[in-house]
Amino acid sequence: MSRIANAFAGGKAFIAFITCGDPDLETTGAVVRAAVENGADLIELGIPFSDPTAEGPVIQGANLRALRGGITTDRIFDFVRKLREDITVPMVFMTYANVVFSYGTERFLSLCRDVGIDGLILPDLPFEEKEESLPVCRACGVDLISLIAPTSENRIAMIAREAEGFLYLVSSLGVTGTRTEITTDLGAMVRLVRENTDIPCAIGFGISTPEQAKRMADLSDGVIVGSAIIKLLEKYGRNAPPHVGQYVKAMKDAIRN
Amino acid sequence: MTNPNGRFGIHGGQYIPETLMNAVIELEQAYNRFKADPDFNRELTALLNNYAGRPSRLYYAEKMTRELGGAKIYLKREDLNHTGAHKINNVLGQALLAKKMGKTRLIAETGAGQHGVATATAAALLDMECVVFMGEEDTIRQALNVYRMRLLGAEVIPVKTGTATLKDAVSEAMREWTSRIDDTHYCLGSVMGPHPFPTIVRDFQAVISREIKQQLLEKEGRLPDAVLACVGGGSNAIGSFYHFIEDKSVRLIGCEAAGKGIDTFETAATINTGRVGIFHGMKSYFCQDEYGQIAPVYSISAGLDYPGVGPEHAWLHDIGRAEYVPVTDEEAICAFEYLSKTEGIIPAIESAHAVAHAQKLAPTMGKDQIVVITISGRGDKDCAAIARYRGENIYE
């Protein structure tokens with residue numbers, strides 16, 4: 001069983017998103033460990049991009065803080081290599097197509113394989129554009145994670161049938177960021193996904209409270225939380241790790257069956 | 001010229017969030033239906049002629065020709081269009097299309113403010129709601145256009161993220177579109193972004209080269225030897241080039257904003273200094289660092305201050321069909337002043353980049369040769385900024 005499949009095997013999964021290098025890689029490492037120790041089943045590591053068009057203000061801020069601190073793709077690969085020495089949960093990268101393309105798709109993905117990255121999420125690489133990256137991902141054993149949005153409708157079956165790793169269900173229209181209400185009929189989306197694939201699906205975008213997490217986890221196989229964690233980093237900076245740990249524990253407790 | 005996946009050679013494509021995919025697919029289908037629809041075309045032509053003032057003049061710049069002592073110079077006067085720039089050609093097309101699609105709200109990005117003004121104008125005319133995203137830096141550089149947009153009933157949202165210029169305005173408009181798609185059309189202002197935008201915008205701007213060809217045949221009975229236009233995203237340039245692409249004798253020259261020079265970091269000359277990347281929905285040339293982070297570009301011209309270029313230009317460059325030359329701030333400002341004094345025409349600082357290159361090119365050509373420069377917009381909006389550049393503070 002792959003590390004990603006394993007993360008969903010023991011009940012509802014909690015997926016934590018953390019931007020690498022916000023405010024520095026030492027803190028990112030401590031936050032990842034705090035999240036894993038408190039029940040995070042999968043870690044989504046953001047490689048900062050100068051112009052993250054799918055992100056709301058909170059994650060945009062994290063990207064800029066990290067880039068201002070001098071973070072680069074090379075430093076992130078070195079960091080993950082060290083992190084892998086003790087972190088056993090699956091880790092996936094979330095970044096933008098240009099970061100991968102500019103580095104060289106083959107060079108990027110073979111390094112992913114070498115340092116122990118399990119999957120890749122590129123929010124600006126839809127189904128129609130994945131042909132260029134997919135064969136390279138497969139050759140390197142890295143799952144190219146697909147996203148499904150509230151507007152996907154007639155595209156859900158097509159995307160789900162070819163999905164790998166897990167499916168990222170975008171809960172709401174718009175960009176990342178916390179929301180007080182999630183109104184999309186996610187139950188119907190998940191049903192359509194299930195008719196077309198056996199791989200797990202996790203819901204992300206807008207989830208911040210344990211109540212929301214519970215509701216979303218009831219509908220799916222797991223929840224993805226980004227902005228709420230980044231807000232703790234924004235607030236506490238280098239002192240964020242225990243706060244993130246505490247938060248992850250509350251969220252994980254809420255979705256435990 | 002476009003293959004079914006919206007590719008121009010390796011460039012173009014649809015690198016956008018899944019949330020927007022059905023929106024661009026719906027747009028492509030609607031466009032393909034309406035572009036073949038006689039009623040739609042009749043309505044659009046009537047708007048272009050009766051409202052925007054087309055066809056625009058092809059003016060023989062006799063004094064400039066005499067002074068430069070080489071090729072005969074014609075100016076394609078897009079500055080005479082309603083709202084003062086070529087932007088209205090595309091906006092009327094897209095706004096009418098959006099209306100037919102049942103959309104009631106237009107959103108747009110703007111750099112110099114010309115596209116924002118054009119969009120606000122079309123929205124006022126067609127009874128649509130309008131929101132324009134503009135980099136905060138640009139709202140200061142182009143304060144008059146901000147006022148014009150508000151006067152026309154649009155809401156202008158200053159974008160404070162990143163470099164607070166055109167690229168950030170595009171990012172913010174894309175973010176807004178992902179949050180509200182049902183009633184909203186993103187009226188993209190240049191031949192960029194995801195397919196089908198580069199094709200739609202080019203088709204609506206191609207009226208420029210269609211007219212140049214016809215008007216020059218009437219006046220001179222022949223094709224031009226060179227067509228010059230400024231290139232930011234590249235909409236007036238592709239519009240000026242399009243109907244000449246197959247006429248291999250016509251040199252197509254795009255003038256990029258070199259800012260303080262292509263050997264400095266303060267430049268926006270994408271084809272001259274950038275490399276292939278993926279951003280804002282398309283594969284094309286971009287100014288970026290070795291890790292693919294988009295570079296903070298610079299030009300005195302807010303309309304050319306963009307780190308990318310439309311995918312069709314990237315392709316025309318790759319196959320060697322068009323040339324892309326850098327023009328500095330200083331050269332453009334001198335040309336801005338030159339055309340004002342010589343022909344009594346104040347060009348937009350964007351268009352002045354093309355005038356500057358023509359000043360170098362025309363004297364090297366024969367008197368029997370013909371150069372066409374597209375004056376993409378009028379320069380009233382730039383007067384205060386140019387005055388400041390020359391050390392004079394004026395109140396708008």
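Which strands of chain B does helix α13 (residues 311-318) lie across, and at about what angle does the helix run to β13(B)? In this predicted model, helix α13 of chain B lies across β9 (226-231) and β13 of chain B, and its direction is at about 110° to β13(B).

## The sheet of chain B

The strands named above belong to an open sheet of six strands in chain B, arranged in the order β3-β4-β14-β9-β10-β13 with mixed pairing. Because β3 (58-60) and β13 (322-328) of chain B stand at the edges and each has a single partner strand, one side of each is left without a neighbour in the sheet. From one strand to the next, the twist averages 30°.

The partner of β13(B) is strand β10 (residues 251-259) of chain B, and the two pair in the parallel sense over seven bridges. Within this pairing, Glu323(B) in β13(B) is the bridge partner of Ile253(B).

## Helices α1 and α8 of chain B

Helix α1 (residues 18-35) and helix α8 (residues 166-179) of chain B have axes that come within 9 Å and cross at roughly 85°. Helices α1(B) and α8(B) are therefore roughly perpendicular to each other.

On the α1(B) side, Thr19(B), Leu20(B), Ala23(B) and Val24(B) meet Met174(B), Trp177(B) and Thr178(B) in α8(B). This contact has five nonpolar residues, two polar residues and no charged residues.

## Helices α3 and α11 of chain A

In chain A, the axes of helix α3 (residues 57-68) and helix α11 (residues 227-236) come within 9 Å, crossing at roughly 50°. That angle makes α3(A) oblique to α11(A). The crossing of α3(A) past α11(A) is left-handed.

Val58(A), Ile59(A), Ala62(A) and Arg65(A) in α3(A) meet Ser227(A), Ile230(A), Lys231(A) and Glu234(A) in α11(A). By class, the residues of this contact comprise four nonpolar, one polar and three charged.

## The interface between the chains

Chain A contributes 38 residues to the contact and chain B contributes 34 residues. Between them the two chains bury about 2900 Å², with 50% of this area on carbon and sulfur atoms.

Conventions: Residues are numbered from 1 along each chain as its sequence is written. Chains are lettered from A and ligands numbered from 1 in the order in which they are written. This is a predicted model: local features need pLDDT of at least 70, side-chain atom pairs count only at pLDDT 80 or more; totals for chains, interfaces and linings use all residues. Side-chain values use heavy atoms; hydrogens and water are left out. Two strands pair if DSSP finds at least two bridges between them. Helices (H or I, at least four residues) and strands (E, at least two) are DSSP runs, numbered from the N terminus. Axes are lines fitted to C-alpha atoms, for helices over the stretch in contact, and angles run from 0 to 180 degrees between N-to-C directions. Contact means heavy atoms within 4.5 Å. Angles under 35 degrees count as roughly parallel, over 145 as roughly antiparallel, 65 to 115 as roughly perpendicular and the rest as oblique. A crossing is left-handed if the near helix is turned anticlockwise from the far one by less than a right angle, and right-handed if clockwise. Ala, Val, Leu, Ile, Met, Phe, Trp, Tyr, Cys and Pro count as nonpolar, Asp, Glu, Lys and Arg as charged, and the others, Gly among them, as polar. Buried area is the accessible area (1.4 Å probe) that two parts lose on being put together, summed over both.
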